[in-house]
Structure formats: structure tokens, C-alpha cells
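Trainee: Could you walk me through this model before I set anything up?
Mentor: Gladly, let's have it on screen.

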Amino acid sequence: MKKLNYDVVVIGGGPAGMAAALKAKETGATVAIIERNDELGGILNQCIHSGFGLGYFKAELTGPEYAERFINRVNDADIDVYLNTMVTALGPDCQLTAVNEDGVQAFSAGAIVLAMGCRERTRGAIKIPGSRPAGVLTAGLAQRYVNIENRKPGQRIAILGSGDIGLIMARRLTLEGMAVLGVYELMPYANGLTRNIKNCLDDFDIPLHLSTTVTRIIGHPHLEAVEVARVDENLAVIEDSREIIPCDTLLLSVGLIPENELSRQGGISLDPRTNGPLVDELLSTDQSGIFACGNVLHVHDLVDNVTREAEAAGAAAAAYALAPKADGAGSAVRLPETKAVIHLVAGENVSYTVPAILHQPLERDVKLSFRVKRPLAKAQVVVAVGGQTLYRSKQQSFKPSVMEDLTLRHDQLDSLTGPLRVMIEEVR
Amino acid sequence: MNREKSKKEQCQVSEAPPQKAVPKKNKERQQPGRGETVREVKLCCTTCPSECVMTVLTKGDMVLHVEGNTCKRGRKFAEMELIAPQRTLTSTILVESGGKMQLLPVKTAAPIPKRMLVPAMAQIRETQLTGALTMGDVVIPNICDSGVDLVACRSLKEENDAR
């Protein structure tokens with residue numbers, strides 16, 4: 001068995017993995033990326049629509065273009081890339097086991113960055129009753145069929161859920177000549193970005209049915225119809241609103257789940273609110289030397305935010321890996337457990353915060369990412385400790401589909417002892 | 001990052017129009033027209049992820065007043081959207097490369113008129129390419145006489161190329 005040594009090993013070669021690897025390399029570490037697919041780029045390769053890179057590159061790019069810019073940087077940066085290689089075990093002390101065509105590979109790392117991304121929620125996760133025919137698939141799978149494999153998922157398409165991938169696919173399938181009958185959304189508001197509602201549905205007169213869901217799947221062995229029904233404010237089905245929609249394909253765009261089987265197996269504590277690792281201000285998990293970024297940490301809506309977060313994780317991982325070397329004889333192994341911990345509490349209207357904990361003393365300002373639980377027309381973000389308000393934003397509107405962030409000054413945080421509460425106060 | 005944040009905040013606050021702007025709007029409504037009435041349209045700018053919701057006052061083909069935008073691209077977007085809406089089209093084209101059929105992602109190098117999306121798709125479907133390509137290569141020049149080229153969004157190597 002080969003033994004491979006690197007300062008930093010990054011698991012996953014999508015946008016998060018590539019940005020983390022590049023930053024770690026820039027910081028002076030030796031770096032490897034392990035990717036299970038046969039090319040770098042991750043899900044960006046099938047996201048052929050444009051709208052990527054407006055923040056990071058100040059240019060409107062398609063997914064493959066955003067990916068290729070990073071792939072070129074990785075190729076130029078003397079980073080070892082292991083394609084067609086799957087990590088099978090995350091051991092203690094940053095030891096990794098992976099398999100590929102050459103057999104089992106053992107990696108020994110100074111630090112590890114988790115960048116495995118996320119996967120889609122399926123029919124099983126939302127428990128739609130009815131038969132189990134062909135023709136029911138996730139929006140991302142349909143995206144792969146149409147944009148990479150040149151297959152057509154069907155002819156008459158219904159879409160459940162107004163997540164961004166579902167909206168993007170509504171437009172894509174319409175342009176490819178399929179009939180998209182409608183998008184059905186359980187909640188009274190859309191889950192996707194406004195730009196996608198406008199450019200993908202409104203432009204093509206595809207109806208968006210809010211407070212409506214699929215209540216039954218009909219047909220066998222192939223999908224023949226779905227039953228849809230409106231729901232009341234308690235999300236209970238309104239009986240006399242049931243309607244049969246004949247269709248041969250049902251796309252599901254009902255959310256994403258960070259892919260953390262490996263993290264769990266490696267003993268990393270997860271945050272039940274994000275389904276991603278519980279991290280501190282350095283994006284370090286509770287296992288020493290293991291960092292996390294991108295959609296494996298929490299689901300993002302813009303890749304530009306993934307890239308920035310991954311750069312922070314890559315820099316922190318490299319600093320961790322290089323610290324014992326710089327001090328000689330491995331004497332300066334960081335022991336975060338000896339530091340004081342402040343917890344971040346998701347208060348009123350806030351579903352989660354990343355990071356979830358902070359270690360004092362803080363060396364730099366802390367960027368907090370969070371999502372709201374429900375749309376709020378006019379509200380303010382408030383960060384408070386006990387009765388003391390540390391931060392209050394301007395009034396703005398909030399939507400659960402938009403990830404928000406704010407920066408807290410480290411000098412404000414160092415003297416704190418109690419938990420930090422992040423909440424959204426509605427302005428009436 | 002901070003600058004973007006403040007933009008976003010301003011944008012979202014402006015969903016409720018500021019009080020000051022009201023008399024101005026009324027004034028514009030009272031302008032003597034020549035048969036054309038002043039219309040108020042709500043538009044969401046899709047230029048960047050800030051998604052500013054704009055209130056636009058128009059008369060015929062003229063944009064009289066835009067508010068709610070947080071940068072000058074908002075007004076430009078409103079003018080284009082109301083008179084000649086444009087979209088970037090993205091799709092895929094079949095490429096035979098190294099004895100294998102692959103899909104190449106493509107886009108219009110600039111937005112094209114919205115009405116050309118469907119004819120442009122037809123032209124894309126009729127096209128087949130062969131050989132290696134580099135990101136940015138023109139694959140259909142001047143698609144549908146729009147004056148805009150269709151370009152490759154990724155590089156494709158011949159199958160037997162060394163990685």
C-alpha cells in the first residue's frame with residue numbers, strides 16, 4: 001500500500017475543494033485534492049446556465065466557465081490531483097484511506113479540508129404516497145441527463161419544489177422542446193432566487209403554484225400522472241382542491257443535504273440545523289486538524305460565497321499543518337480545547353449560524369453566515385449577549401432562499417463570556 | 001464584501017419606496033401627455049445577485065423615472081427590459097471529439113433579444129461540431145443574425161490527448 005504525505009489533503013474537487021487547495025498552496029503547504037469523478041469541477045460542470053462569478057470574478061460566467069478558470073489555476077499550481085479516487089475512511093490524526101484503479105491508497109496529512117458538497121433530497125425524504133414508477137427524478141439528475149449525457153427525461157414535466165435547480169431546469173427543458181406544466185411549491189413563497197423565478201418561469205409563462213404540493217404519484221411501470229392539491233396555512237391538504245395532472249415526468253427540487261457520511265464516520269460532530277460539521281471561526285471541526293467548507297458545511301446559493309469560504313478554510317488548514325514545522329520538533333501543536341468557547345445561538349427567526357462556536361482570543365474579525373426561517377418584509381439583524389446589543393443592521397427584507405452574512409469585530413468578542421444570540425427583529 | 005452588503009441592504013430597504021419620492025412621482029404623473037399615459041411597473045433587476053426591486057415610471061417607450069435600484073446598471077436594465085428585453089442563452093452542442101460524442105456547453109457571448117431564444121435554439125440543434133475546442137472559441141458566429149457569437153464554455157480535448 002502506497003503511503004502519501006501532504007501538509008493538506010482536500011476531499012472533493014468541486015468549487016470548494018479547488019479554492020481551498022489553491023489557498024493552502026499559496027500559504028506554503030504541499031497539497032493534494034482527492035476527487036471521485038473523472039474530472040475536477042464538481043456540480044458546476046452540469047450547471048450550464050449563467051450567473052456564476054458576479055461577486056468573485058466580477059463577470060457573469062456559466063458553471064463550466066467558472067470551473068475551468070479554477071481547474072486551470074489548480075493545474076498551474078503544483079497541486080497533486082487524484083481523480084477517480086474515493087475516500088473510504090477518515091481515520092484519527094488526519095489519516096485517510098482512499099481507493100482508485102491502482103488499489104488502496106493511504107494518505108497522511110497535516111490537515112484535512114472536507115469539501116464533499118451536498119446531494120439532493122429525494123422522494124423518500126419527503127414521502128410522497130403512491131406507486132413507484134420510472135419518471136420521478138431529482139432536478140439535478142435531469143440536469144445531468146440533459147446537459148451531459150444527452151438524454152431526454154420525458155415530454156410532459158411537472159416540477160415539485162421551487163428550488164433553484166428546479167427553476168433552471170424548467171427553462172432548460174422548455175427550450176429543449178419539452179412541455180413544463182407547472183412548478184408546485186408547498187410553502188406560500190418561492191424557495192429559489194427572484195432572478196430565477198423571473199428569467200426561468202415568467203419568461204416562458206410557466207405557472208408557479210404556491211401553497212400547492214404533489215399528494216399522489218400515479219402510474220406503473222412509468223409515471224402517468226400526479227395528483228396535486230393546495231394546502232392551508234398549516235400545510236394541511238385542502239381536500240376539495242385535489243386535481244390530477246397527466247404527466248410522464250416529475251422533477252423534485254426539494255432541497256439539498258450536505259454529504260457527511262465520511263465526516264460522521266470520522267467522529268466529527270454535526271450541527272443538526274445545517275446537517276454539516278459544527279465549526280468554529282476558523283471553519284475547524286471538533287476533530288483537530290479537520291476543516292470544512294462549501295456545501296458539505298451548509299448549503300449555499302451562490303458559488304462565489306463557496307469560493308470565499310473555502311479560501312478561508314484552506315488558509316486555516318495550511319496554517320494548522322505548517323505551525324508545528326515552523327516551531328520545530330512539533331512542539332507547538334495547537335490545542336483548541338484549552339481556549340475559551342463562546343456559543344452562537346440561532347435566536348428568533350434565524351435557522352442557523354456558521355460558525356456555531358468561537359474560540360477566544362480571536363485573532364481576526366468573524367464573518368457569520370446565516371439564514372432566516374421565513375420571509376420578513378422589514379427587519380433588522382441583532383446580535384446580543386445577555387442584554388447587551390453588539391450589532392444591529394439597517395432595516396432590510398429577508399428571505400430564506402438568500403444566505404445572509406455579517407462581520408463582527410474581534411475586539412468586541414474577546415471580553416465576552418455568555419453565548420452570542422443572533423436574531424432577526426421584525427420592524428412593524 | 002462590506003460594500004456589497006450595504007448595497008444589498010439599501011436594495012431591500014427600498015422595496016418600500018422612501019416617503020420623499022412620492023411627490024416626485026405624482027408630479028410626473030401630472031405631466032401633460034400626448035395620448036400616452038404614465039405607467040408604473042415593478043421590475044426585479046437581474047443584473048447581479050442583489051436583486052433590486054425597482055419601481056419604474058414609463059410613458060410609451062420612454063423610461064421617465066427609476067427608483068429602488070442601487071447602481072446605474074439598474075436604470076439601464078429597466079430601459080432594456082421594457083423596450084427590448086435581452087437574455088443570455090445557454091445550451092449544449094454535440095461534438096464528436098476523439099471518436100466519442102460529447103455535449104459542449106455553449107452560451108451567447110452577450111445577451112440577445114428574448115424573441116430570438118427559440119430560433120437560436122433551433123440553429124443550435126442543427127449544428128454538430130468535431131475536434132478539440134478551447135473555452136471561448138466561437139462555435140456559431142452571429143447566431144440568428146443577432147450580431148452575437150455563440151461561444152464554447154469549456155475546453156474539450158481529443159480523447160487520446162495526454163491529461
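This is a predicted model: local features need pLDDT of at least 70, side-chain atom pairs count only at pLDDT 80 or more; totals for chains, interfaces and linings use all residues.

Mentor: Residues are numbered from 1 along each chain as its sequence is written, chains are lettered from A and ligands numbered from 1 in the order in which they are written, and side-chain values use heavy atoms, with hydrogens and water left out.

Trainee: OK, how much space lies in the second largest pocket?
Mentor: The volume is about 830 Å³, taken as the space filled by probe spheres set on grid points that are joined across faces, edges and corners. A pocket here is an open set of points on a 1 Å grid over the protein atoms alone, where a 1.4 Å probe fits and protein lies on both sides within 12 Å along at least five of seven lines; lining residues have an atom within 4 Å of a point.

Trainee: And which residues are closest to its centre?
Mentor: Of the 37 lining residues, those are A:Glu281, A:Leu282, A:Ala312, A:Arg364 and A:Asp365.

Trainee: Which element gives the most to that lining?
Mentor: H8(A) does, with eleven residues; helix H8 (303-327), strand S25 (366-372) and strand S29 (404-408) of chain A each supply at least two. Helices (H or I, at least four residues) and strands (E, at least two) are DSSP runs, numbered from the N terminus.

Trainee: What's the make-up by class?
Mentor: The lining has 17 nonpolar, seven polar and 13 charged residues, where Ala, Val, Leu, Ile, Met, Phe, Trp, Tyr, Cys and Pro count as nonpolar, Asp, Glu, Lys and Arg as charged, and the others, Gly among them, as polar.

Trainee: Switching topic, at what angle do H4 and H5 of chain A cross?
Mentor: Helix H4 (residues 139-147) and helix H5 (residues 164-175) of chain A cross at roughly 35 degrees, and their axes come within 9 Å. The axes are lines fitted to C-alpha atoms over the stretch in contact, with angles running from 0 to 180 degrees between N-to-C directions.

Trainee: What about A:Leu413, buried or exposed?
Mentor: A:Leu413 counts as buried because its relative accessibility is 0%; buried means under 20% relative accessible area, exposed over 50%, and partly exposed in between (1.4 Å probe, protein chains only). A:Leu413 is in helix H9 (residues 410-413) of chain A, and, leaving out residues up to four places away in sequence, its contacts (heavy atoms within 4.5 Å) include A:Ile342, A:Leu358 and A:Leu420.

Trainee: Where is A:Ser401 found?
Mentor: A:Ser401 is in the loop between strand S28 (396-398) and S29 of chain A, and with 7% relative accessibility A:Ser401 counts as buried. Beyond neighbours within four places in sequence, A:Ser401 is in contact with A:Asn191, A:Gly192, A:Leu193, A:Asp301 and A:Arg371.
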